[in-house]
Amino acid sequence: PESLLLYVITSPVGPYYKTGFNPIRLTADTKYIRAWPGGTGDCKVGGNYGPTMKAAAEAAERGYSQVLWLFGEEDSITEVGSMNVFFYLQNKDTGRNELVTPPLSRGDILPGVTRASIVELTRSWGEFDVTERTPTMPEICEAAKEGRLIEAFGAGTAAVVTPIEGIQYKGVDIEIKAIGELTQRVWDELTAIQYGKLKGPEGWSVVV
């Protein structure tokens with residue numbers, strides 16, 4: 001064809017989760033794998049979401065809001081549901097507080113704009129380390145046991161920020177403080193920037 005007609009449909013929507021900004025509980029105990037290197041885990045395509053529905057339905061039957069997706073023999077954390085995931089903890093080696101999110105380098109994690117916004121925004125505060133590295137469930141379990149796991153949240157376009165209050169792993173539920181102060185602050189600042197109530201980093205918002 002030599003021409004095309006582009007339709008743009010807009011519609012108001014409610015919260016991504018029925019709970020709204022209330023905390024959710026996750027299970028990492030699933031036999032399924034969301035994505036792998038060389039697949040479409042880093043692409044915004046339907047085939048990246050459809051296969052996760054069965055696992056999500058099974059999680060819901062057990063009383064969990066979503067699946068925390070793991071990969072590999074070390075149980076590396078990748079995403080939560082269809083969102084990116086963040087953990088705020090005290091680093092065992094440095095003793096410093098650290099906001100951790102899995103990196104995009106393996107090609108199995110969606111490069112979400114909300115994820116990028118949170119990384120840039122929190123780094124601009126200069127109050128704690130912001131690291132893109134691969135957390136594992138054993139690391140999170142150890143941090144929780146030693147009192148170093150401060151809070152956790154998911155992040156995505158529809159949900160913006162979703163607090164996480166618990167994760168099931170190998171049959172045991174890890175309890176996490178929610179709603180944490182950092183989670184609330186990220187939510188408040190991101191939504192304020194979106195609605196034009198707060199000036200964000202240079203280039204984030206354009207008046208039209």
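**View 1. F86 and F153, a buried pair of rings.** Both F86 and F153 are buried, meaning under 20% relative accessible area, where over 50% is exposed and anything in between is partly exposed (1.4 Å probe, protein chains only). The model is a predicted one, in which local features need pLDDT of at least 70 and side-chain atom pairs pLDDT 80 or more, while totals for chains, interfaces and linings use all residues. Residue numbers start from 1 along each chain as its sequence is written, and side-chain values use heavy atoms, without hydrogens and water. Rings of Phe, Tyr and Trp (its six-membered ring) pair if their centres lie within 6.5 Å; planes under 30 degrees apart are stacked, over 60 edge-to-face, and the rest tilted. That rule gives 4 aromatic pairs. F86 and F153 count as stacked because their ring centres are 5.1 Å apart and their planes meet at 15 degrees. With F86 in strand β4 (residues 84–90) and F153 in strand β7 (residues 149–156), the pair ties together parts 67 residues apart in sequence. Strands (E, at least two residues) and helices (H or I, at least four) are DSSP runs numbered from the N terminus.

**View 2. The ring cluster of Y88, W125 and F128.** Ring pairs join these three residues, Y88, W125 and F128. Look for W125 and F128 edge-to-face, with 6.3 Å between centres and 85 degrees between planes. W125 is buried at 15% relative accessible area, and F128 is buried at 9%.

**View 3. Charges over rings.** Here a charge sits over a ring if NZ of Lys or CZ of Arg is within 6 Å of the ring centre and within 35 degrees of the ring normal. The charged end of R185 meets this over W125, 3.5 Å from the ring centre.

**View 4. The largest nonpolar core, around I167.** A nonpolar core is a set of buried Ala, Val, Leu, Ile, Met, Phe, Trp, Tyr and Cys residues joined through side-chain atoms within 4.5 Å. The largest has 24 residues, and those touching the most other members include L68, F87, M137 and I167. Among the elements that each supply at least two of its residues are β1 (24–27), α3 (137–145) and β8 (160–169). Beyond neighbours within four places in sequence, the contacts of I167 (heavy atoms within 4.5 Å) include L26, V172 and D173.

**View 5. A second, separate core.** This one holds 18 residues, including L99, V130, F153 and V186.
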